[in-house]
Amino acid sequence: MFDNSELFLLACMFVLVAAVGWFAGRRSLKNSADNDNTPELNSRYFRGLNYLLNEQPDKAIDVFIKMLDVNSETVETHLALASLFRLRGETERAIRIHQNLIARPGLNKSVRAQALLELGQDYMKAGLFDRAESLFKELVDLNLHQEAALKNLWQIYQQEKDWPQALKIASDIEHKSGQATQLERVHFLCEMAEEALRNRQHNEALRWIRQAQVVDADMPRSLLLQAEFEKEKARYKQAIKLYMKAAEQYPLATDQVIEPLKDCFHKQGKIAALKSALERLLALRPNARVVIALAEMIEASDGNKAAIDFTAAYLQREADLRVLHHLSGLFLRSSTLAGQHKPVLQMVNNMLAEMLRQTTDFQCGQCGYKANKLLWHCPGCGSWSRAERIKHGR
């Protein structure tokens, strides 16, 4: 019995063998009066079949491809077969066919351009981005298959995290095809700003942030980066305002602002103001990490029982695994409640911790890719700003 991949390969080979047999037959009929090299052609055809029957598909492909002259009658067969191989993951075979096409003298301009585009896609599939980039740039310069070439270049630069080039190509795509690239352009500028902040190039970072806000003034990611910039400059009041604005506009950003908010308020010695800010965020929408941060503050100021009461009251309204785990820890730290039940409470706490280790907080709304932190760019499908929160409760 054959598995699916073997059946697919047999189908591909059948297409090639049928095409070669048909073409060889036509040549035989056309040239029989001239006593051409039909016996040699038939010999090669049967040699190819023999390789195929002996499970040597690479040798069979080489024989059949050499038999197919590249002309208007056979070029589509070459292109179709190579595309089938690439879809199946047989990139080396696809590359070989497309290279064979391009190497043929006298190939017309449009066919060569199509083969270049396909070969570039073969290289992309194989991870040979430098070679693919070179071919796509050639097509752009020749003004052939320009839109497809630009979109492929765009994918390459995003995978390589070459954000300046990705930004340039995004503008070219929008100009030439009318496709909106505003969202991606903002993210590319934010990526450049993040890199500058990591390298402590603050003026450069601010330049990219401002450019991102020109493209979209309310993009939460640029607000978070501007807040980080202000925090680095010890302008805590401005930073707090921006962190709060980002969390209010974009709920998924709430988790990201808690720690920097705490740092900013502590640097100013405004603990009561921090509590008020967290309560404001919690009043907008449920959030486990906000609840835990508030419970920690309540425990520090008002004691363990007050923190237990606050956390339990939240769980009555919103079931959440992370908050339940924190409550179990509060019970363990309670001198009056733990008592003889401490071993059981410890076991429950450990079980909840293990359950949390096996869960993720975010997933991509496009492809379902899961992650433990907010990702602006999905590694699975390459989409931007498609993260969704996974609720760990009922």
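Confidence comes first: this is a predicted model, and the protein has a mean pLDDT of 84, with 79% of its residues at 70 or more. One stretch to treat with care is residues 27-35, where the pLDDT falls below 50. Even so, beyond near neighbours in sequence, residues 27-35 have seven contacts in the model.

**The largest pocket**

- You will find a volume of about 750 Å³ in the largest pocket.
- Its lining is made up of 28 residues, and those closest to the pocket centre are Glu191, Glu194, Arg221, Leu374 and Trp376.
- Three helices, α8 (146-159), α10 (182-198) and α12 (220-232), each bring at least two residues to the lining of this pocket.
- Helix α12 gives the largest share of that lining, with six residues.
- Sorted by class, the pocket lining holds eleven nonpolar, ten charged and seven polar residues.

**The largest cavity**

- How many cavities of 30 Å³ or more does the model have? The count comes to one.
- The space inside the largest cavity is about 100 Å³.
- Around the largest cavity there are 16 lining residues, and Gln363, Cys364, Leu375, Cys378 and Ala387 are the ones nearest its centre.
- Two strands, β1 (362-364) and β2 (370-371), are the elements that give two or more residues to this cavity lining.
- Strand β1 supplies the largest share of the cavity lining, namely three residues.
- In terms of residue class, the cavity lining splits into ten nonpolar, three polar and three charged residues.

**A closer look at His202**

- Where does His202 sit? His202 belongs to helix α11, which covers residues 202-215.
- Is His202 buried or exposed? His202 counts as buried because its relative accessibility is 12%, and the cut-off for buried is under 20%.
- Leaving aside residues up to four places away in sequence, His202 is in contact with Leu197, Phe229, Glu232 and Lys233.
- Two helices named for the pocket lining come back here: the α10 range (182-198) takes in Leu197, and the α12 range (220-232) takes in Phe229 and Glu232.

Methods:
Residues numbered from 1 in each chain as written. Predicted model: local features only at pLDDT ≥ 70, side-chain atom pairs only at ≥ 80, totals over all residues. Heavy atoms only, no water. pLDDT = per-residue confidence, 0-100. Contact = heavy atoms within 4.5 Å. 1 Å grid on protein atoms, 1.4 Å probe; cavity = no way out; pocket = protein on both sides within 12 Å on 5 of 7 lines; lining within 4 Å. Points joined across faces, edges and corners; volume = space filled by probe spheres on them. Helix = DSSP H or I, 4+ residues; strand = E, 2+ residues; numbered from the N terminus. Nonpolar A, V, L, I, M, F, W, Y, C, P; charged D, E, K, R; others polar. Buried < 20%, exposed > 50% of the residue type's maximum accessible area, 1.4 Å probe, protein only.
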